[in-house]
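Hello,

Here is the structure we talked about handing over. Please open it first, then read the notes below.

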Amino acid sequence: MGHAATLGIRIDDAFGRFGSPEQVRPYWRLFHQAIERVPDGVVITTWRPGDEHPTAVYCNRAFASLVGCLPSNSPKTPGGGENDAAARVLSHPAWDKSPLWKSLEESHRSDAVRSAEVAHQWADGSQLILELESTPLQGEVGLMGHRVAVFRDVTAQKNLENAVARNERLACIGLLGAAIAHEINNPTGSALVAAETALAMLDSPDEIKQVEACLENIVASMNRCGRIVRTLLRYSRQQPTERQACNINDVAEQSIELARPYGESHGAKLQLQLDARVPLAPMNPLEIELVLVNLIRNAVEAGGGDVVIAVRTSRTDHGVRVEVQDNGCGMNDDQLAHVFDPLYTTRRQAGGSGLGMSIALGIVQGHGGCLTARSRQGMGTTVTIDLPIAAEQS
Amino acid sequence: MVTATPTVYIVDDDPQVCESLSLMVRSVGLEAQAYCSAEAFLDGFREAPCAPKCIVLDVRMPGLSGLGLQQMLVAQNKRVPIIMISGCADIPMAVQAMSNGAMDFLEKPFSRRTMLARIQEAIDRDANTRRQYAREAELAARVERLSSRQREVLDLLVAGKHSKQIASALGIGEKTVAKHRAGVLDKMQADSVVELVRLMAVGNSG
């Protein structure tokens, strides 16, 4: 149906019920001038009793620019008293099918303040991400059923956030990569030396036993490489957003296996304590693995030698828990307060990026979970990941 | 001089690396002894004085690390040339290994040719060091056989003093100096004062 035909975009439609046009014109001017100067897109909607759909009664030029119905460099100051911006937007043939209008319609279904993120596609295909906050106008006779919606362009901010998240994920995989490089360089190094040795001995027929030993070494080494590569491939195959019902025990076990070479080469003792009764919880197992590997790594570095690290799983009232506890150097209150801050690190000299914990927090929160750290200086640190069983609907 | 077969000690926690390196070392006629940890090496390592040797040592191992073992050997004054190897090296680690006196720091995977070249170099260096030690020990033994007067004469001869200067420095006659000089040359197994000076210089070098 064509909303434009029924839209109250003129002064008498918007304000007619408050008095005669002559009476309301000064207020209309004041209102119009004020709203036109708001940099965010503003849309006022109403849903009259008996109507099938809500109706837009007003929108400002900033909104018209946002959705591409007015050039963004058009004069910000309105000319006459009429709401020409609204006319342009609301008479657009695609308006009542656009996600923006759908989000406005949707917000009318409750009396609460609603926030949402809406994507808007421009005619040239470029996409805008708008943050919508819709508030009911209540308490005054004649305003019932009206809502004011403010649209803010958050495209640049979202793009930046996505880029940061991508970089953080890369940094995280980089940390893991160092551990995996160590794992893969041993068998490749071994196979290379064995192969070259076998070649060098081909000329001496009495060395056949030695050549055989070399070849067996190569086969075993290459099998090991294959196993490591298969583990790695899991990271490239799974999309970062994919969730599946997982047993946290499997994830904890896999993390310990990944972190063990690093931990043990630094003199740390790794213990795994699994609660067999944990329920399945929706998660991206690789992301949680990354978090755990990072936490174990932190614990190894907090130990400076003979640290004991316990990775423990348990069930909670609403979900599953996995903690990483160490008896290392611990943190003072100031360090603990900053532990999740991006770029905060006490190991800048040793190559710490200060990203590990903020990445971990981002991943756990992305799962609707909680990441908490407790620590006492000189006594050690415990970091707890709580994940809900039912994924939160947001 | 009879030399025993040079021995390469391999210390790596990865059994496959130990095996392939042992095969490589034996294929060129050297002796190989592999240990799966720094502790096992310390238990098993017995210094055979005349065989030149070197250690191929993994940096990262559970328990005592390669760097830890290297520091321990330096502290015990066991100066065996060490070639460090690592699967996952970082710069601070390499710097520490080199400043502790490692011959080289090779990242896995390395080629057989590179590793054998470095091993040969390490063994040559160790053999040289051993020869030098032997010479110094022999020379020290000869000096040990001198009387205290002969030792005074030796010092002045090496310092380039003539018989007359020596006689006045020690308050003895020139004839007595000549007698002591002959005794010194005899015990030091030198034909002339020039050879004696050269002998002492070589003994003090390195």
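Start with the contact between A:R224 and B:D14. Their side chains form a salt bridge, with N to O at 2.5 Å. Keep in mind that this is a predicted model.

How many salt bridges does the rule find across the interface of chain A and chain B? It finds 1.

Which helices of chain A supply the side that touches chain B? α7 (155-201), α8 (208-237) and α9 (248-265) each give at least two residues. The largest share is from α7(A), with 15 residues. By class, this side of chain A holds 11 nonpolar, 12 polar and 3 charged residues.

Now the interface as a whole. On chain A, 26 residues are in contact with 21 residues of chain B. The area buried between the two chains is about 2000 Å². Carbon and sulfur atoms give 57% of that area.

Last, chain A itself. Its 394 residues include 44% that count as buried. There are 12 helices and 12 strands in chain A. Take the contacts in chain A with a separation of 6 or more: 62% of them are between residues 24 or more positions apart. The accessible surface of chain A is about 20600 Å², and 54% of it belongs to carbon and sulfur atoms.

Best wishes

Note on methods. Residues are numbered from 1 along each chain as its sequence is written. Chains are lettered from A and ligands numbered from 1 in the order in which they are written. This is a predicted model: local features need pLDDT of at least 70, side-chain atom pairs count only at pLDDT 80 or more; totals for chains, interfaces and linings use all residues. Side-chain values use heavy atoms; hydrogens and water are left out. Helices (H or I, at least four residues) and strands (E, at least two) are DSSP runs, numbered from the N terminus. Buried means under 20% relative accessible area, exposed over 50%, partly exposed in between (1.4 Å probe, protein chains only). Contact means heavy atoms within 4.5 Å. Accessible areas come from the Shrake-Rupley method with a 1.4 Å probe; for residues, only the protein chains shown count as cover. Buried area is the accessible area (1.4 Å probe) that two parts lose on being put together, summed over both. A salt bridge is a side-chain nitrogen of Lys or Arg within 4 Å of a carboxyl oxygen of Asp or Glu. Ala, Val, Leu, Ile, Met, Phe, Trp, Tyr, Cys and Pro count as nonpolar, Asp, Glu, Lys and Arg as charged, and the others, Gly among them, as polar.
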